[in-house]
Amino acid sequence: METTERRKIDRHLFRIGVPLIDRQHEQYLEWVDRLFSLTEQPSVSRTAFDEAVADAVAYAIEHFDAEEALMRSVAYPGYEAHVRKHDEFRDETDRLCSGDPIPSSPEERLFYLTRWLVRWFCEQTQVYDKALAVFLARQHAPLTAQRETFP
């Protein structure tokens, strides 16, 4: 029970006040939860690892596309820095999923990758996404409150 309550509190911290983005953050956290559940297993097959990671990364990229479209549609001045953060995600997940990084066992890679995904997500949402939210609230409040999708 405590874990469920804590999870709700933690997830609330990742909301930025843009309904589409908030729902996508929630879904991303669901994918990360799936990865964490794999870390609790005594062994992880390469197939299970690959599928779970591919799903989480694919969803993140889909989210980036929506977020970047939103930023372009409102001429967000922090667009380039925000996109660089997205590119960092793409580059690092490519590197970590390639099989080359140390640690080398699937279990160690899974743990390292999951930890990295959580750290990256925390910084992304708490710094970059919240800065976007402040801009939107000041410049485009009706846009973010009413629209569920962005061009």
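Reader: Leaving aside its neighbours within four places in sequence, which residues is I21 in contact with, and what makes them contacts?

Author: I21 touches I16, H63, E67 and L70 once its neighbours within four places in sequence are left aside, where contact means heavy atoms within 4.5 Å. This is a predicted model, in which local features need pLDDT of at least 70 and side-chain atom pairs count only at pLDDT 80 or more, while totals for chains, interfaces and linings use all residues. Residues are numbered from 1 along each chain as its sequence is written, and side-chain values use heavy atoms, with hydrogens and water left out.

Reader: How do you know whether I21 is buried or exposed?

Author: Buried means under 20% relative accessible area, exposed over 50%, and partly exposed in between, with a 1.4 Å probe and protein chains only. The relative accessible area of I21 is 0%, so I21 counts as buried. I21 lies in helix α2, and from I21 to H63 it is 42 residues in sequence and 7.6 Å in space, C-alpha to C-alpha.

Reader: What makes a run of residues a helix, and how many helices and strands are there in the protein?

Author: Helices (H or I, at least four residues) and strands (E, at least two) are DSSP runs, numbered from the N terminus. The protein has six helices and zero strands, which gives the pattern α-α-α-α-α-α along the sequence.

Reader: Why are α2 and α5 called roughly antiparallel?

Author: Axes are lines fitted to C-alpha atoms, for helices over the stretch in contact, and angles run from 0 to 180 degrees between N-to-C directions. Angles under 35 degrees count as roughly parallel, over 145 as roughly antiparallel, 65 to 115 as roughly perpendicular and the rest as oblique. The axes of α2 and α5 come within 9 Å and cross at roughly 160°, and α2 and α5 are therefore roughly antiparallel to each other. Residues that make the contact include H25, Y28 and L29 of α2 and L110, F111 and T114 of α5.

Reader: Why is the pair of F64 and F89 called edge-to-face?

Author: Rings of Phe, Tyr and Trp (its six-membered ring) pair if their centres lie within 6.5 Å, and planes under 30 degrees apart count as stacked, over 60 as edge-to-face and the rest as tilted. A search of the whole structure finds seven aromatic pairs. In the pair of F64 and F89 the ring centres are 5.2 Å apart and the planes stand at 90°, so the pair is edge-to-face. Because F64 lies in helix α3 (residues 46-73) and F89 in helix α4 (residues 79-97), the pair ties together parts that are 25 residues apart in sequence. Both F64 and F89 are buried, and together with W116 and W120 they form one aromatic cluster.

Reader: How do you know that the span of α4 is close to the one expected?

Author: The expected span of a helix is 1.5 Å times one less than its number of residues. With 19 residues, α4 reaches 27 Å from its first C-alpha to its last, close to the 27 Å expected. Its buried residues, among them H82, V83 and F89, have a cover that includes α2 (19-39), α3 and α5 (106-139).

Reader: Why does Y128 count as partly exposed?

Author: Y128 has 24% relative accessibility, so Y128 counts as partly exposed. Y128 is found in helix α5, and its contacts beyond four places in sequence are Y76, A81, H82, K85 and E123.
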